[in-house]
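The sequence and the structure are shown first.

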Amino acid sequence: MTLINKVKKELYNPLKIERTINLGYSITIHKSQGSDFEYVVLVIPEKSAFITKELLYTAVTRAERKLFLLVNETLKEELPFILSTACENSVLAQRKTLLFGYKTSTFKPYSYKKKDGTEIEVRSKIELLVAKALDENDVEYIYEPDDFYQEFRIWPDFKLNVDGKSYYLEHLGDMTHKPYKDRWFKKWQIYNEKLCIGDIIITTEERKEKSNIDAGIKKIIKDIKSSNLAETRGAYSYHHYQI
């Protein structure tokens, strides 16, 4: 019997005097603390600074059998961002105590201090190496600029400023993984067809053999400065490099 049919049976049978379902209607996560329910429907209607890791943990652990997550139609593409922001909104994560050392964001666990003294946090080791190589080669850059976030909800990995002109550098992960590959081509379509900036998007991926990130970044910088970016139409972008 499906959950819907089970609920209907328990609620709408006029011959039953006692019900086996206690009506909770809609209650707050805070009020539900200490209680368990077989089925929980968690509703996320909007983005909010009040959605924290602790709040979601409490909600998820109320369900004994199954949790149903309902997200506003306008937010379904932003769910990864909402979840990552929830970790960053964590009260515990914001406590910078020296007792156990300071832990950076769960989604940006790698920290790098640039030569100008500013610190950035990146999502992966390879992005850390790229950030370091860019900095050591005196390239001005911004990690995950929000240039296109408001309209298209996307972040490029890096925004480079070379000789007064901007370029966007994307490091691609495992392109043999179909969902990841599909997400990239959806993002590339926005860059190329909606923003019309395909010619300034540079994509990179690790070589199968031993790679040299610094040498790869130097090659890209040299090609940018000489207006001789590698033409790779038919690949993952118009300018695709392996580093």
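Two strands are said to pair if DSSP finds at least two bridges between them. In this predicted model, strand β3, residues 110-113, and strand β4, residues 119-122, are joined by four bridges and run antiparallel. One of these pairings can be followed at the level of residues: S111 has E121 as its bridge partner in β4. Together β3 and β4 make a hairpin, with five residues lying between the two strands. Within that turn, G117 has a positive phi of about 95°.

With this pair in view, the whole chain may be considered. The secondary structure consists of eight helices and nine strands. The protein chain has 243 residues, and 35% of them count as buried. Among the contacts with a separation of 6 or more, 53% are between residues 24 or more positions apart.

Strands of a sheet pair through backbone hydrogen bonds, in either a parallel or an antiparallel manner.

Strand β8 itself comprises residues 201-205 and is mostly covered, with five of its five residues buried. Which residues point to each side of β8? I201, T203 and E205 point one way, while I202 and T204 point the other way, and all are buried.

Y241 is located in strand β9. It counts as buried because its relative accessibility is 7%, and buried means under 20%. Leaving out residues up to four places away in sequence, Y241 touches I202, T203, T204 and E205, and also K219, I220, D223, N228, L229 and A230. The C-alpha atoms of Y241 and R207 are separated by 9.2 Å, although these residues are 34 residues apart along the chain.

The loops present other surroundings. D36 is found in the loop between α2 (29-32) and β1 (37-44). At 47% relative accessibility, D36 counts as partly exposed. When neighbours within four places in sequence are left aside, D36 is in contact with T61, R62 and E64. Of these, R62 is 26 residues from D36 in sequence, yet the two are 4.8 Å apart in space, C-alpha to C-alpha.

Two further loop residues have a positive phi without being glycine. D138 has a phi of about 60° and is placed in the loop between α5 and β5. With 62% relative accessibility, D138 counts as exposed. S227 has a phi of about 55° and lies in the loop between α8 (213-225) and β9. This residue, S227, is likewise exposed, with a relative accessible area of 70%.

Finally, attention turns to the space between the atoms. Rolling a probe the size of a water molecule over the atoms shows where empty space is left. The second largest pocket has a volume of about 1100 Å³. Its lining is made up of 29 residues, and P80, R153, W155, R183 and K187 lie nearest its centre. Several elements supply at least two residues each to this lining, namely α4 (79-88), α5 (125-136), α6 (149-152), β7 (165-171) and α7 (178-194). The largest share comes from α7, which supplies six residues. By class, the lining of the second largest pocket divides into 12 nonpolar, five polar and 12 charged residues.

Terms used:
Residues are numbered from 1 along each chain as its sequence is written. This is a predicted model: local features need pLDDT of at least 70, side-chain atom pairs count only at pLDDT 80 or more; totals for chains, interfaces and linings use all residues. Side-chain values use heavy atoms; hydrogens and water are left out. On a 1 Å grid over the protein atoms alone, a cavity is a set of points where a 1.4 Å probe fits but cannot get out, and a pocket is an open set with protein on both sides within 12 Å along at least five of seven lines; lining residues have an atom within 4 Å of a point. Grid points are joined across faces, edges and corners, and a volume is the space filled by probe spheres set on the points. Ala, Val, Leu, Ile, Met, Phe, Trp, Tyr, Cys and Pro count as nonpolar, Asp, Glu, Lys and Arg as charged, and the others, Gly among them, as polar. Buried means under 20% relative accessible area, exposed over 50%, partly exposed in between (1.4 Å probe, protein chains only). Contact means heavy atoms within 4.5 Å.
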